[in-house]
Amino acid sequence: MKKFARYEKQILFKPIGLEGQKRLLKSRAAIVGMGALGTSIANHLVRSGIGYIRIIDHDYVELTNLQRQLLYDEEDAEGRLPKVFAAERKLSKINSTVKVEPVFTDLNRENAEELLAGFDVILDGTDNFPTRYLINEASIKLGIPWIYGGVVSARGITAVIIPGKTPCLRCLFPDMNNVPTETADTAGIVSPITAIIGSLEATGALKLLTGAEVSPYLEQVDIWSDSFMQMDISKGKNPDCPVCVHHQFEFLGS
Ligand SMILES: [Zn+2]
């Protein structure tokens with residue numbers, strides 16, 4: 001069928017197949033942050049045929065973004081276009097048969113639940129822990145899996161968080177005052193690590209959305225020292241976690 005022609009090679013990949021492709025086309029994904037990670041994730045999800053993708057960001061394209069934020073070009077930077085609109089324009093040229101919805105705002109405690117409700121998966125394209133704790137609480141409250149990802153310098157980290165099944169972000173990083181604070185603005189960043197972690201996050205989404213088994217690993221990569229580490233987090237749930245056990249949502253404020 002013509003509708004599936006563009007996904008021919010993905011359908012040939014047996015773990016997805018035609019049934020998986022149909023599931024992807026009916027799926028809804030929300031991406032928070034459209035910097036290097038978000039553009040990499042969106043690029044994969046749009047090409048893979050995720051039917052509905054909401055992209056959320058409040059920033060404008062700048063010249064210094066072009067080194068690693070794959071959907072933007074010099075024209076976007078000269079026009080200081082909001083990232084979500086520049087991304088939507090590019091993504092709709094890549095695959096006009098899926099719906100990309102740009103939302104030009106930051107994710108905050110007032111809008112998080114409303115902006116993330118009704119999605120099948122939430123993907124982390126942010127660069128800070130307060131927003132991740134907010135996504136984590138919305139995920140637990142709404143019962144939606146999310147995929148944590150972070151990159152800085154040549155290092156990256158990612159894990160799939162499934163409410164009721166895996167530890168949540170607060171289980172993994174219980175001390176909010178002792179989380180990594182470096183960002184690309186302070187420590188710099190090389191482009192390939194963002195593509196690697198963005199690709200791992202997109203893979204996690206494809207597996208979740210097609211019903212495949214998701215590995216219980218926190219993946220840590222340093223491409224400058226050629227270090228690839230997996231940490232099994234399947235037993236990492238904190239039995240006293242304020243978020244996924246006691247449902248106290250201090251970042252959401254409810
Ligand atoms: Zn937890």
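This is a predicted model: local features need pLDDT of at least 70, side-chain atom pairs count only at pLDDT 80 or more; totals for chains, interfaces and linings use all residues.
Me: Let's begin with the metal. Which residues coordinate the zinc ion?

Reply: Glad you started there. The zinc ion is coordinated by the SG atoms of Cys168, Cys171, Cys241 and Cys244, at 2.3 Å. Along the chain, these donors follow the spacing C-x2-C-x69-C-x2-C.

Me: How do I read the angles around the zinc ion?

Reply: Start from the ideal: four tetrahedral donors have angles of 109.5 degrees at the metal. Here the four donor atoms subtend angles of 97 to 121° around the zinc ion, so the arrangement is tetrahedral.

Me: Are Cys168 and Cys171 buried or exposed?

Reply: The cut-off to know is that buried means under 20% relative accessible area. Cysteine 168 is at 0%, so it counts as buried. Cysteine 171 has a relative accessible area of 9%, and is buried as well.

Me: Now the rings. How many aromatic pairs are there in the whole structure?

Reply: A search finds nine. Take phenylalanine 129 and phenylalanine 173 as an example: their ring centres are 5.1 Å apart and their planes are at 65°, so this pair is edge-to-face. In general, the distance of the centres and the angle of the planes describe a pair of aromatic rings.

Me: Where do phenylalanine 129 and phenylalanine 173 lie?

Reply: Phenylalanine 129 is in helix α8 (residues 129-142), while phenylalanine 173 is in the loop between α9 (169-172) and α10 (184-187), so the pair ties together parts that are 44 residues apart in sequence. Phenylalanine 129 is buried at 5% relative accessibility, and phenylalanine 173 is buried at 17%. Ring pairs also link Phe129 and Phe173 into a cluster with Tyr133, Trp146, Tyr148 and Phe251.

Me: What sits over the ring of tyrosine 52?

Reply: That is the charged end of arginine 28, which lies 4.4 Å from the centre of the tyrosine 52 ring. The charged end of arginine 28 sits over the ring of phenylalanine 119 too, 4.6 Å from its centre.

Me: Is α8 mostly covered or mostly open, and what do its buried residues pack against?

Reply: α8 is mostly covered, with 11 of its 14 residues buried. Among them are Arg132, Tyr133, Leu134 and Glu137. The buried residues of α8 pack against β1 (28-32), α7 (112-116), β4 (121-124), β5 (146-152), β6 (155-161) and α9.

Key:
Residues are numbered from 1 along each chain as its sequence is written. Side-chain values use heavy atoms; hydrogens and water are left out. Donors are N, O and S atoms within 2.8 Å of the metal (3.2 Å for Na, K and Ca); water is not among the atoms, so sites may look incomplete. Four donors count as tetrahedral if all angles lie between 85 and 135 degrees; four count as square planar and six as octahedral if opposite donors are over 155 degrees apart and all others between 65 and 115; anything else is irregular. Buried means under 20% relative accessible area, exposed over 50%, partly exposed in between (1.4 Å probe, protein chains only). Rings of Phe, Tyr and Trp (its six-membered ring) pair if their centres lie within 6.5 Å; planes under 30 degrees apart count as stacked, over 60 as edge-to-face and the rest as tilted. Helices (H or I, at least four residues) and strands (E, at least two) are DSSP runs, numbered from the N terminus. A charge sits over a ring if NZ of Lys or CZ of Arg is within 6 Å of the ring centre and within 35 degrees of the ring normal. Contact means heavy atoms within 4.5 Å.
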